[in-house]
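Here is a short briefing for a first look. Keep the sequence and the model side by side as you read.

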Amino acid sequence: MKKIDVQNQPVLSPGRIIQIAVTGVKYRLFRAVVTVAVIIVAMAFLMNILTESLIKRAIADSVREQIEDLHRVDRWIARLTMPQSGEELLFVLAEEEAPSPVLGEISTMSGLSIDALQALRPKAQEAVRYLNFFNEIDFGRRRVLVGPVQGVATFDRLSADPAWHQFTSNLADMRVLRFPEELSDFQDFLAEWSELQAKLETIREGQQRSIEQVRNAIGDRSLMSALSDADGDFGDIIRQAGFSLPDETAALLVRDVRRVKNTQLIESTINIAEVRQAVAAERDVLPGDVTMRMIWRLLRNQDRAEWFLGVMRDAELETGDLTAERLEAIANQRAYARLLTIAEQQTMEAQGGLMGIGMRMTWLAFVSMLVCAVGIANAMLMSVTERFREIATLKCLGALDAFIMSIFLIEAGLLGFVGGLGGAIAGLLLAGLRMAVIFQSLLWTAFPWQDILVAGLISIGIGVLLAAISAVYPSFRAARLAPMEAMRIE
Amino acid sequence: MSTATEHKVEDIASATGGKRVIIRSLGMKKIYRRGEEITHALRGVDVEIYTGEFIVVMGPSGSGKSTFFNMIGALDSPSEGRVFIDEVDVAQLTAEELAFLRCRKIGYIFQSYNLIQYMTALENVTTPMAFGGVTPDEARRRGMDLLELVGLKDRWFHRPIEMSGGQQQRVAIARALANEPSILLCDEPTANLDHRTGDEILEILQKLNKERGVTIICATHDHRMMNICDRLMWIRDGGIERIAQRDEVEVELGSIE
Ligand SMILES: Nc1ncnc2c1ncn2[C@@H]1O[C@H](COP(=O)(O)OP(=O)(O)OP(=O)(O)O)[C@@H](O)[C@H]1O
Ligand SMILES: [Mg+2]
């Protein structure tokens, strides 16, 4: 029986295949444009989410310290007023590793040795894990499990037998909830809890003693005005009481306190009739419509600041060493601090998840990917199915299945690439614009170019991949059929 | 293949006066299903077509001519029965072998042309050559020759939508000849052509048949075909109504006239 000799049936060169594919795309330009548009929209959505999240994360990283600085005065006032809570102390003990100024300070105040504090670390870390569990579950569940208590009081409560019983049996009923550690470990921990708690109490008492000492030294001055002398006598008092206050921190504190006082002074001017009237005349509004915002805006210009200083003096306000430059600087700082506050709010959840963009954003990106996949698959499916006749004809002329598949793969890849690129650019622009409006000057200090480049490549890659995958299946199906069967599918 | 079948093949060969069979169908049936509706397009066709033969297939519209073509051209698989091309059972061929067969052995002229819409006339003609491994330059030269043959040399750059039905049909004819096939399947090749162009095409077909020994199977309503063919075959309702040598038919026609 004579067999057909297929040895010299060649495979077309890649160049020729690409050429045929591109001719096809050019001919169906409108359809191609529609498909590309679908991919652009889908990828722009993904890129937008990625870019915004990456920018937020980068800004969160870069402003974290500045935000800490922003609260320096508040933090010191709190430290000098109240001992830390048991929960706060546990976090500190779990975190800090000797040698550390924080541990040193606790040691001095409480009389416990550094080694003793270090020895508490594993227990504190364990406690933190339990606390995190209770902090993360929702209010209703927590209430069922441990009643109305919070923080370290949870441990106090669970140390008692009936509460422990209630906790374990209710936990067993909540099937979706999983306790992250062994329950027996937790029970052991609770058994030794009173010991740890006694240590915490010792520390708190030490802190309380130091606070009393500082308070007695202040006399009837306010804490705030005392702090304006943090680089002088008052600083020494604080240090003597056991607080660790490096010189740089003291200097910064003095500067911050001065700024806070100045700010308070400026904000008090709005209640003074003369100032209100002057500003109203300057801004051409009614005195009743003058807002603090308006005044701050004025101060950001040095000439106006000069003028405002005059107004303050005329109103016989205690301007002290205030100058126009200082007023302007304070106004600018305040504007920047406001930006930082916005950044703090906006970037609250920017951690964990894909590329560190946060769990919620990762989930959103994932869902958007699903939507993209469906959209792109639909577009590609349409553009392949309307060409079954062409596929059939090519097969009649002796095309190999692989050739037909490659034509469609190349086309899909091309459309996916163009769409992915367009989408990445569109998404980047949109996200950049929105972020620029929110973060203003902060944006450029922390623009995550590299991460965004990676996100762009990911978007393009996903575009190509999704388009290719959704073209493979229908073209594979059509290519495998007998030509006339393929021709009959409409 | 068993020796029994080979014996049978030889029997047939001797019975037909030593002519070699190039296409053979055995109990070929085709059933189209569209939901509940079932169409018996072919109801068991047994036919032998010999190498170098020019056979004309006639039959009313819907009788199954195109379906018959697709089956013997290895473009579709019969619901039942078998098709042999060059004594090879088509059902046993691999995808590559089928591609080779369609590319080099058989030229198809489809009733609805089936040109690739985004390719120019020349590209349409040279595509099968590319699949057959002809170099682009050579393909271009041969493609232009073929277009000249069908009288479309100066329209090589036109796309199908820019051409009349007859012109498209001629491109389809040129494409069918691209790889110098040894079998030519034509589904109404002159249907859309005027008398003169039709004559030219008939001349080309006749020349191919006589000079190069190409086997031509041609469905048509064109009575001029009867003058150049060797045999005639009538199909009705998916079955062969009659097969006859041309001389027999001419005698009949003569007697009728
Ligand atoms: N894809 C299909 N699905 C269902 N029925 C079909 C299909 N293709 C053809 N048929 C039916 O099969 C029968 C034969 O069709 P075929 O196309 O072979 O006829 P034909 O002889 O070529 O007709 P014409 O001279 O009009 O071209 C017809 O009754 C037709 O309706
Ligand atoms: Mg037909």
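B:Ser66 belongs to helix H2 (residues 65–72) of chain B, while B:Gln111 sits in the loop between E6 and helix H4 (121–131) of chain B, so the pair ties together parts that are 45 residues apart in sequence. Bear in mind that this is a predicted model.

- B:Ser66 is partly exposed, because its relative accessible area of 25% falls between the limits of 20% and 50%.
- B:Gln111 is also partly exposed, with 41% relative accessibility.

**Strand E6 of chain B**
- Strand E6 of chain B covers residues 106–109.
- B:Ile106 and B:Tyr108 point one way from this strand.
- B:Gly107 and B:Ile109 point the other way.
- All four of these residues are buried.
- E6(B) runs parallel to strand E7 (residues 183–187) of chain B, and four bridges join them.
- Within this pairing, B:Tyr108 stands opposite B:Leu185 of E7(B).

**A nonpolar patch on chain A**
- A nonpolar surface patch of about 530 Å² is made by A:Leu414, A:Phe417, A:Val418, A:Leu421, A:Ile425 and A:Leu429.
- One of its members, A:Ile425, lies in helix H22 of chain A, which spans residues 401–439.
- A:Ile425 counts as partly exposed, at 47% relative accessibility.

Key:
Residues numbered from 1 in each chain as written. Chains lettered and ligands numbered in written order. Predicted model: local features only at pLDDT ≥ 70, side-chain atom pairs only at ≥ 80, totals over all residues. Heavy atoms only, no water. Patch = residues over 30% accessible without salt bridge, like charges linked within 9 Å, V, L, I, M, F, W, Y side chains within 5 Å. Areas by Shrake-Rupley, 256 points an atom, 1.4 Å probe, with all protein chains shown as cover. Salt bridge = Lys/Arg side-chain N within 4 Å of Asp/Glu carboxyl O. Helix = DSSP H or I, 4+ residues; strand = E, 2+ residues; numbered from the N terminus. Buried < 20%, exposed > 50% of the residue type's maximum accessible area, 1.4 Å probe, protein only. Pairing = 2+ DSSP bridges.
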